[in-house]
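Subject: Structure handover

Hello,

Here is the structure I said I would pass on. Please open it beside this message and follow along.

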Amino acid sequence: MNFNKDENNTILIVDNIRSNLINLGDFFKNFGFEVLVAEDGESAVKIAEYALPDLILLDVILPGIDGFETCQILKNNLATQDIPLIFISTLTDKISTIKGLNIGAVDYITKPLENQELLARVNIHLRQHNLTKKLTKQNERLEIEIFYRQQIEEKLLSHSAALGESNNRYQELIQASGQIFYDWNLHTNDIKYGGNVERILGYSIAEILGGFNRWLELVHPEDRNLFNEEIERVLSTKDPFHLEFRLCRKDGTYITVENNGYIFLDFTGKVASMAGFVIDISEQQAALWKRKQAEQKIREQAALLNITTDAILVQDLSSQVQFWNKGAEHLYGWMAEEVLGKNSNQLLYRKQNCCQLKNIQKTLAESGSWQGELHQVTKQGQEMIVASRWTLVNDEEGQAKSILIVNSDITEKKQLEAQFLRAQRMESLGTLASGIAHDLNNALTPIMMTMQLLGAKLPDEKSHQWLAIMETNVKRAADLVKQVMWFSRGYVGNFKTLQVRDLISEIENIIKQTFSRAIEIRIDVPTQNLWNIFGDNTQLHQVLMNLCINARDAMPTGGILKISAKNFWVDSHYARMNIDAKVGSYIMISVADTGTGIPREIVDRIFEPFFTTKEVGKGTGLGLSTVLGIIKSHGGFVNVVTEVSKGAEFQVCLPVTQTIETDSKLCGDSELPSGHGELILVVDDEDSIREITKTWLEQNGYKAIVANDGIDAIALYTKHQQEISALLIDMMMPDMDGQTTINVLKKINPDIKIIGISGLASNHEMIKTLGNNVKTFLSKPYTSCDLLRNLQMVLNTK
């Protein structure tokens, strides 16, 4: 409030922000002040010269001349130099504060302003200013009175009663001011006191008499040097005295006071006395200290919040951001100054994801907290998933005030979870597919061999035509089973060093001749320094053809099909994000199209066997599952980048090799090798396979006995060990499987000759673990030629 109601206190407020002028103007008008405003320094100088306000509130940052220059102009002007001036500024550094005080300001207050504190400081300086004016006027009056007393001393003596009455009124004024008034005579070193000495210090006036030395005893020991330095400065410069220091009360406690004094000269121009007033500012200092402590605590807490890698933000109930820590800056890419005061929903969420926020608001209103997963976007538009914790913050009255949100980036974790679940699902489907392949191969093997027997028994041409039709369809079925084997990652290919450039060139020739002219083919393969890979040419040929055909089908009206290859290094971060990737060098072969793209909801299912989006009769659903199986069998992995209506890109990554190999071909006799009466033990749990194999062996010069499981095989071998030349053993049998059977037989005879047979392509890994326990391996379905050639090779091996 305005404590100077007996005077018309006018305040000039200078600020280039109109809203600040309005707010401060209304605030001071409510407390009885007259308010003048200016938006720049030049206007402020003119208004001050014309209106001579009682106090000026001056912003430092102004258009044209700034606050500091404006202050210097005012202080150099005799008309305005004594007007108290308070800086209000956003500049919080000590240099600005010291500069402002040094050029004549009585105070320096930093924004944001605390209105009550500002009012208190304004009232203090107005009281000081008004009292100074009163003291100045009184001094002038006293000087006149002294002058007249010297001239007409007798006449002044007659008016002593009136002078005493005036002095009493003056003492009452000082007493009512709530301050200690002092008058220090430098010639005698005596100090006269007035005002509220006893209320402020607890001493009576008589108890503090004793001149300057007695006053110095009351000053806190740590402040005495500073006090003496200020006295010396004032006496030498004749400037006003101003100092805040601690005084000792009668009860031994210390209070903080503000001392403002003014020098008075004698007729010779020398310092005669210093008069002034002392104000108790302990409460203001305590409040200021508490505020600084609170600000320090807030800074410390903010520093702790900035250490964490989690994004921490505070928003009001209308989603306006109030706090944004360093973790949020790193996570989202938005700097704090960019988001404060803005709507977080518009910054962090796509429109289609905003619906999830309604349920959060409802839960917050009911329970005060919520946690879950949210889909958000960064400043660059990159989508991410966060684990989010929301807490409702209430004010002192228990009313909802704001929302504290802590977000942790779990995008990488969710991607790995999705890959892991997909891998589990694919593994389960692979197990199912392997079982189907095993059963189909067991069924196709006797069919294949029976057709060859019938071909020898049926001489007429018509029968051979029918058998040819059957053989063609059996081979088609075998090829289908082979695709399933590739999916289950068990097919044994003819691996050798390959140049990717040659592989892509072959595909380019095929698709340019067979694809529609509406599809533009683009090839981007480096001519030099492209690494080599180690793989099966036929399988990788099928991979690229499958991907190109899918790309073609995704562009029914035409488009661009691009095949590219590049050297690619997988680092540890990339390997963590892709469950099948390992740190090392890869070749990345990309097949990209500008077609319809793949919807996000089915991307995780496209590699499942028999899953297809094509119409009935236009796809088996084995194309991409075959691609995945072949690539995994080569130690590689496949990534998909797609956007609906813009196209899809399949990135095939294969580990590199620096070895260069030359192709070699095996030549064999055109006639099937025959036996010479050797006894062969055939071990298989399928009756049809045992019988047809036994028949073929017997028709080609061998003797054969059969066993339906491992236990039966061990018994027969023990009985006919000397006669048996070799064994054909199925790896998948009930009771005792092929591996266990082989291990037991090797203990009976370490030199035994064994051919492993299986309908599961994955058994080649098991054969590798057997080392030299088997001589060779046959995959079902096999032909009589395969059987007889491998048997002859094993028998001829020492």
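Below is what was found, taken region by region.

Please keep in mind that this is a predicted model.

The parallel sheet

Start with the open sheet of five strands, which has the order β24-β23-β25-β26-β27 and parallel pairing. Its edge strands are β24 (703-707) and β27 (776-779), and each of these pairs on one side only. From one strand to the next, the twist averages 20 degrees. Strand β23 covers residues 679-683 and is joined to β24 by five bridges in the parallel sense. To find this pairing on screen, look for I680, whose bridge partner in β24 is A704.

Helix α23 (residues 687-699) packs on the sheet and touches β23, β24 and β25 (724-730). The direction of α23 makes about 165 degrees with that of β24. Helix α24 (residues 710-719) also lies across β23, β24 and β25, and runs at about 140 degrees to β24.

Two packed helices

Two packed helices are described by the angle between their axes and the distance between the axes. For α23 and helix α27 (residues 784-795), the axes come within 11 Å and cross at roughly 60 degrees. An angle of 65 to 115 degrees would count as roughly perpendicular and one under 35 as roughly parallel, so α23 and α27 are oblique to each other. The crossing of α23 past α27 is right-handed.

Which residues meet here? From α23 they are T693, W696 and L697, and from α27 they are S784, L787, L788 and L791. Five residues of this contact are nonpolar, two are polar and none is charged.

Two hairpins

Strand β13 (residues 369-377) runs antiparallel to strand β14 (residues 383-394), with nine bridges joining them. In this pair, S369 stands opposite T391 of β14. The two strands form a hairpin with five residues between them, and G381 in the turn has a positive phi of about 85 degrees.

β14 is also joined to strand β15 (residues 400-409), again antiparallel and by nine bridges. Here V393 has S402 in β15 as its bridge partner. β14 and β15 form a hairpin with five residues between them, and G398 in the turn has a positive phi of about 85 degrees.

Salt bridges

Side chains of opposite charge can pair when their charged atoms come close. The whole structure contains 25 salt bridges. One of them links E217 with R214, whose closest N and O atoms are 3.1 Å apart. Both residues lie in helix α9 (residues 211-218), three residues apart, about one turn of the helix.

Regards

Definitions and conventions
Residues are numbered from 1 along each chain as its sequence is written. This is a predicted model: local features need pLDDT of at least 70, side-chain atom pairs count only at pLDDT 80 or more; totals for chains, interfaces and linings use all residues. Side-chain values use heavy atoms; hydrogens and water are left out. Two strands pair if DSSP finds at least two bridges between them. Helices (H or I, at least four residues) and strands (E, at least two) are DSSP runs, numbered from the N terminus. Axes are lines fitted to C-alpha atoms, for helices over the stretch in contact, and angles run from 0 to 180 degrees between N-to-C directions. Contact means heavy atoms within 4.5 Å. Angles under 35 degrees count as roughly parallel, over 145 as roughly antiparallel, 65 to 115 as roughly perpendicular and the rest as oblique. A crossing is left-handed if the near helix is turned anticlockwise from the far one by less than a right angle, and right-handed if clockwise. Ala, Val, Leu, Ile, Met, Phe, Trp, Tyr, Cys and Pro count as nonpolar, Asp, Glu, Lys and Arg as charged, and the others, Gly among them, as polar. A salt bridge is a side-chain nitrogen of Lys or Arg within 4 Å of a carboxyl oxygen of Asp or Glu.
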